[in-house]
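Here is a short tour of the structure shown below.

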Amino acid sequence: MGAGGREEVAAGIGNGHPTALRRPRRVSLKTRRAFVAYLLLSPAIVYFIVFFFYPIGLEFWASLYSGQPLIGESQFAGFDNYMTALQDARVRQSVFVTLAFAIGVTVASIVIGLGLAVLLNRPIPGRAAIRAIIFFPYIISFVIVALMWQAILDPYTGILNSILAELGLPTQSWLSETSTALPTLIAITVWKDVGYAMLIYLAALQSIPGDFYDAASIDGASPAQQFRYVTWPLLTPTTLFIAVVSTISQLQELAPAYLITKGGPADATRLFSLHVFEAAFFELNIGYASALAFLMFLLILAITFVQFRLLNREVSY
Amino acid sequence: MSWWKTTRLFIGTGLGALLATAAGAETLTVYWNAGHAYQAYSDVIKKFEADHPGWSVRWEKFQWPDMRTKLVVDFAAKNPPDLVAEPGGWVQEFGQKDLLRPLNDLIAKDGKAIGFPGDWQAYAVERNKLGDQYYGVQIHLTCATLVYNVDMLKEAGFDAPPATWEEFLKVAKATTTGGRFGFAPNPSIGYYWSWFLQNGVSYYDPKTNKVNLDSPEAIEAIQFLSDLIHKEKAATRPVTGADYEGPQKLFTANRVAMIITGPWDVKPIRSGNPKLNWAVAPSLKHKEQATFAGGVSLMIPKDSKHPAEAWDLLKRLVALDTELAATKEAGMTMPRKSWAENPEIQADPVIGNFGACLPYAQDTPAALRLTGKHARIDKLLQSALEQIVFNQAPAAEVMPKFAAEANAILASN
């Protein structure tokens, strides 16, 4: 079309057909906005496709094969890997351990985190420093945390048993006994993560309008009643958030078991992720490990759904 | 450093890398164990780079489990390193999965010049083969034996180390006083094999396709260790998840009279406590004198981009001079027969005594490895042994259960 083409078309001349006024097809505003939105979102979409959805798809594909899908020869096995996983006693054991670990860490983080937040929400001297000290372990790598706690808990050279011995108390093999290994692992993880829960609760506490407490005081509510009938209900969304995020995170946790106990003693701390990791990288049973990972995905989805149903109450200020 | 200097440094480095690539510079990637990065090997790598202008060696060091994770991912991405040091067992495992380059053609070309396989201990060659095909070359050959604190034994009235289980028990009990213990067992699964092997137990019988660890001898062996810890209170309780260095650290700190370890702990003990009066004893004997063999082999992945150069570096790393230099530096024992015959090696009381165990050391999972189910069964065994040693469960109950589970895995497809 020449320079004057637009005008020619508009005038209905130049093509041998007079009459019809043909306007260029215009893209609607809605479409143009959608196009711009997708254009701006495209880096994120590409990122998620390449680094999340494609690997997830590949993982699901691998879960349908026996042998060594991804690295070597494999044979299509349908859902055999899933059936094997559901019948495997070690899988059931590791699911049980993982649920106990996730519930233990989540409940303890919520209770202790909330307690600390309530305490540190008051005008006490040095509270900023105390908050920073409590939050600090959250930003440390678990490798460092593991090394530190292994040194502290060593039954023969560790400082904890030395202190207990000095006080005339019985010493413990914290990580070497089935009865204490998992609670110890939970305690270490709570120590590391509680600062995060505290921080979120602090933000939530500071967003509750002071008028509510004033009104409750005028009505004669004690501090305990104020907490029970004002603070706690208004913190429900925060508690839901922490519960969901912490549960999902702890169900996927690998580091404490891998770095501190290697799943022992006698599988007492064998978290599900460690079981999957070892099936994939040590046994080279990659199809089976992929099926296990998908089963965990479904379990996390189900638990999250239940948490939302139980805790998602509408709160209005 | 100012931002401009930092920026220039980055730009300079980037340009340098770009120019090097344009000039045809090549990189040979080598995976190595962090604990074995001896100066002797560093010198070999420097010489390799000097002899191959334009080549550089990227010498990446890992702990074994981390290396395995990375290697499996590399295999999946078809981007493996050129040369890998492995801790024993991986050569056959990855060879079976067609992930390694067979070395027969290279050995046919250079084997005579480097003395391979004739100058290597026979089982160090066999553990790196599948049928007639070579997939790896042993670089360290080790075994574990009894290491003892001479002064602690003397204080307890013993002038010589124990030679049998009965003597060992007597010494362990006598040297356990106050905060010191007679023995510190290692929680890593390989170390339990000293006891099994000394009681005449093998891991697996290829004829029946079953494990042998539910035998009365196997039960007796592991129960002996458990009783030493819990009943006799003459040994430390192993710490779950701890690395293999725990007993060595207690020994170096003069808190334990005896440990079972190999030449890999010579350097840490010597550097950790130079004044410690310690010695290496022959392995204990119950039904027979035995111990487990270990060691490191070198392998070239099938998808290595530079197999010829990797083989050249491999030859240099396993040369006798390099072996002797690594022994002198770190006390490591080696697979060459000519190394064992070296007068300096034979004269060294520590290295010589470790070397003396090599002829009766056994590669315990050799037969089981060929089934391709070794890793899975080893995990079950670790759990079973921990039930006995950590939880004090009776070996007579745990070992038959383990054997039944392991045999079911072996019988499955």
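## A loop residue to start from

A residue counts as buried if 20 or more other C-beta atoms lie within 10 Å of its own, as exposed if 12 or fewer do, and as partly exposed in between. Please keep in mind that this is a predicted model. With that cut-off in hand, look at His52(B): 15 other C-beta atoms lie within 10 Å, so His52(B) is partly exposed.

You will find His52(B) in the loop between H2 and strand E2 (55-62) of chain B. Pro185(B) is 133 residues away from His52(B) along the chain, and the C-alpha atoms of the two are separated by 47 Å.

## Two packed helices

Two packed helices are described by the angle between their axes and the distance between the axes. For helix H2 (residues 39-51) and helix H14 (residues 320-330) of chain B, the angle is about 145 degrees and the axes are 8 Å apart.

On the H2(B) side, the contact is made by Gln39(B), Ala40(B), Tyr41(B) and Val44(B). H14(B) brings Thr322(B), Ala325(B), Ala326(B) and Glu329(B) to the contact. Sorted by class, the contact of H2(B) with H14(B) has five nonpolar, two polar and one charged residues.

## An open sheet in chain B

Now turn to the four strands of chain B that form an open sheet, in the order E8-E11-E7-E12 and with mixed pairing. Strand E8 (181-183) and strand E12 (278-280) of chain B each have a single partner strand, so one side of each is left without a neighbour in the sheet. On average, neighbouring strands of this sheet are turned by 20 degrees against each other, direction ignored.

E8(B) runs parallel to strand E11 (residues 256-261) of chain B, and two bridges join them. Here Phe181(B) stands opposite Val256(B) in E11(B). Elsewhere, helix H17 (residues 349-357) of chain B lies across strand E7 (145-149) and E12 of chain B, running at about 30 degrees to E12(B).

## Where the chains touch

How many residues of chain B are in contact with chain A? There are 25 of them, and they contact 26 residues of chain A. Helix H3 (64-76) and helix H19 (374-389) of chain B each supply at least two residues of the side that touches chain A. The largest share, six residues, comes from H19(B).

By class, this side of chain B has 10 nonpolar, seven polar and eight charged residues.

Note on methods
Residues numbered from 1 in each chain as written. Chains lettered and ligands numbered in written order. Predicted model: local features only at pLDDT ≥ 70, side-chain atom pairs only at ≥ 80, totals over all residues. Pairing = 2+ DSSP bridges. Axes fitted to C-alpha atoms, helices over the stretch in contact; angles between N-to-C directions. Contact = placed C-beta atoms within 7 Å. Nonpolar A, V, L, I, M, F, W, Y, C, P; charged D, E, K, R; others polar.
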